[in-house]
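Open your viewer and get ready to select a few things in turn. We will go step by step.

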Amino acid sequence: MNIKGLIFDLDGVIVHTDQYHYQAWKKLADRLEIYFDEDINNRLRGISRMESLDILLENYHGNTFSLQDKEKLADEKNTYYRSLLENMMPDHVSDEVRSTLAELRNRGLKLAIGSSSKNAKLILNKVELLSYFDAISDGTNITYSKPNPEVFIKAAQYLSLSTEECAVIEDANAGIDAAK
Ligand code: BG6
Ligand code: MG
């Protein structure tokens, strides 16, 4: 193995936004009187907002929603989520995360983010981590989210490396499947 680049997932790896995703989905689920818990939330790790909504709606037994309705529900969740992100500050990231990223860069490795989220850059800005990464591949530049490998293939391309030269750091099963 000749690893030259590391591609980090964001939510649940670099930052604890996985908790905010849970709280935001829970708020939507409670409003719609849908059962939702941490186990269901774990199934949403790594997958897109709309795919997550479909999983949440598995426990909804009312009328079916149109695509337009679903887009509104996904927007509602994102509004809750972004209001939670407002609280994010640089001290939400431990010194250990910063020093580890800095050390990896010192060793000559290229670092990228490979995240399904469309909020990735906002989060990295808020915690002042954007400058640690050579490339960002996120929900804004992909057609298919994890477990499809697109987000990581694009991250490797942005680093000007082959996928064989990159390793992925992930918390989600969908992300591990995508990396493999
Ligand atoms: C991933 C999260 O990083 O981003 C998923 O693990 C989330 O839970 C996905 O659904 C999309 O995020 P966003 O911020 O675009 O709604
Ligand atoms: Mg994650």
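A pocket, here, is an open set of grid points where a 1.4 Å probe fits, with protein on both sides within 12 Å along at least five of seven lines. Keep that in mind for the first stop. Note too that this model is predicted.

**Stop 1: ligand 1.** Select ligand 1. The space it takes is the largest pocket. Now show the residues around it. How many residues surround ligand 1? There are 15, and the closest are Asp11, Arg49, Ser117, Lys118 and Asn119. Colour this shell by class. You will find eight polar, four charged and three nonpolar residues.

**Stop 2: contacts of ligand 1.** Zoom in on the oxygen atoms of ligand 1. Start with Asp11: a polar atom of its side chain lies 2.6 Å from one of the ligand's oxygen atoms. Move to Asn119. An N or O atom in its side chain is 2.7 Å from an oxygen atom of ligand 1. Then pick Gly46, where a polar backbone atom is 2.8 Å from an oxygen atom of ligand 1. On its own, ligand 1 has 400 Å² of accessible area, and the protein covers 96% of that.

**Stop 3: the magnesium ion.** Select ligand 2, a magnesium ion.

**Stop 4: Asp9 and Asp11.** Select this pair. Are they buried or exposed? Both Asp9 and Asp11 are buried.

Notes:
Residues are numbered from 1 along each chain as its sequence is written. Chains are lettered from A and ligands numbered from 1 in the order in which they are written. This is a predicted model: local features need pLDDT of at least 70, side-chain atom pairs count only at pLDDT 80 or more; totals for chains, interfaces and linings use all residues. Side-chain values use heavy atoms; hydrogens and water are left out. Donors are N, O and S atoms within 2.8 Å of the metal (3.2 Å for Na, K and Ca); water is not among the atoms, so sites may look incomplete. Buried means under 20% relative accessible area, exposed over 50%, partly exposed in between (1.4 Å probe, protein chains only). A residue is near a molecule or strand if one of its heavy atoms lies within 4 Å of it. A polar contact is a pair of N or O atoms within 3.5 Å; within protein, one must be able to donate a hydrogen and the other to accept it, and residues adjacent in sequence count only if both atoms are side-chain atoms. Accessible areas come from the Shrake-Rupley method with a 1.4 Å probe; for residues, only the protein chains shown count as cover. On a 1 Å grid over the protein atoms alone, a cavity is a set of points where a 1.4 Å probe fits but cannot get out, and a pocket is an open set with protein on both sides within 12 Å along at least five of seven lines; lining residues have an atom within 4 Å of a point. A molecule sits in a cavity or pocket if more than half of its atoms lie within 2 Å of its grid points. Ala, Val, Leu, Ile, Met, Phe, Trp, Tyr, Cys and Pro count as nonpolar, Asp, Glu, Lys and Arg as charged, and the others, Gly among them, as polar.
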